[in-house]
Amino acid sequence: MNNNSRSQTNSLGIIGFGAFGQLAALHLGEHFEISAYDPSPGLAKVAQQLGVTLSSFHSVSQADVILIAAPVSSFEQVVSEIAVACNPGALIVDVGSVKVNPTEIMRRLLPNNVGIVATHPLFGPQSAGRGIEGLKVAVCPVRGKRHAQVAAFLRKSLGLTVILTTPEDHDKEAAVVQGLTHLIAKVLLKMGPLPTRMTTKSFDLLSEAISMVQYDAPEVFEAIEKANPYAETVRRQFFDIAASLSAELEAASTTKPHNENGH
């Protein structure tokens, strides 16, 4: 790390120090002076291990860059509180799974003198277990021109693959990519325990995909399926096709014995 990387924006405030807030701190610690706010108890030890100062909401909102890693359910409340506390020229970045609604909230509530960039790291603590280099992150410009600076930092300093997109295009693709993955994982987990001995390579890959999302917080599934405006259409299409396949198979299995019995 050179002094230059810290001279432009020294401080990072993380609002929401759960699994993803901690993952962010782990990879951003050498680039920023980090403080974090989270109302949950018992975070002092992990904060100390990551070199993060736990502080008040107001204090964390004074940082040069504010990273919102709070649940979708409290997002609007969090943004309205940041709006009152943040400094002119601050950069506000969110990391949620859904982009259309949070972008609208940030644009509406945050003062005009701050930059806004909406992002979605397309990985989580499970998939980042072996490091984050080469993993993907979606970046949506919202207000100001600092998205180029953010994209360059993510690419050069963290080794991420940056996808520049709009909130609408992001949510349309995420409705399929995330919506179907989490939906299929939920169904298969309810059918479990799944076989582990006599498996095929394709089934092993399916099991691996399930293991990447099965420990996600319930609000992640909630956000992906309910907060994404395009998720319902994809979900209905999936269930409709599954239902018609089921009907075809039912029809095939009932006609055959009837023919054999001469009915």
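Visitor: What makes Glu-222 and Lys-226 a salt bridge?

Guide: A salt bridge is a side-chain nitrogen of Lys or Arg within 4 Å of a carboxyl oxygen of Asp or Glu. In this predicted model, the side chains of Glu-222 and Lys-226 meet at 3.6 Å, N to O. That is within 4 Å, so the pair counts as a salt bridge.

Visitor: Where do Glu-222 and Lys-226 lie?

Guide: Both are in helix α10, residues 218–227. They sit 4 residues apart, about one turn of the helix. Helices here are DSSP runs of H or I with at least four residues, and strands are E runs of at least two, numbered from the N terminus.

Visitor: What makes Arg-235 and Glu-225 a salt bridge?

Guide: Their closest N and O atoms are 2.8 Å apart. The distance falls within the cut-off, so the name applies. Arg-235 lies in helix α11 (residues 231–260) and Glu-225 in helix α10, so the pair ties together parts 10 residues apart in sequence.

Visitor: Is Glu-225 buried or exposed?

Guide: Glu-225 has 7% relative accessibility, so it is buried. Arg-235, at 23%, counts as partly exposed.

Visitor: How do you know that Arg-108 and Glu-76 form a salt bridge?

Guide: Their side chains meet at 3.2 Å, N to O. This pair links distant parts of the chain: Arg-108 is in helix α6 (residues 100–109), Glu-76 is in helix α5 (residues 75–85), and they are 32 residues apart. Arg-108 is partly exposed because its relative accessibility is 44%. Glu-76 is also partly exposed, at 38%.

Visitor: Which residues are linked in a network of salt bridges?

Guide: Glu-76, Glu-104 and Arg-108 are. By the same rule, the count comes to 6 salt bridges.

Visitor: How many helices and strands does the chain have?

Guide: It has 11 helices and 8 strands. Of its 263 residues, 37% are buried.

Visitor: What do the numbers rest on?

Guide: Residues are numbered from 1 along each chain as its sequence is written, and side-chain values use heavy atoms, leaving out hydrogens and water. As the model is predicted, local features need pLDDT of at least 70 and side-chain atom pairs count only at pLDDT 80 or more, while totals for chains, interfaces and linings use all residues.

Methods
Buried < 20%, exposed > 50% of the residue type's maximum accessible area, 1.4 Å probe, protein only.
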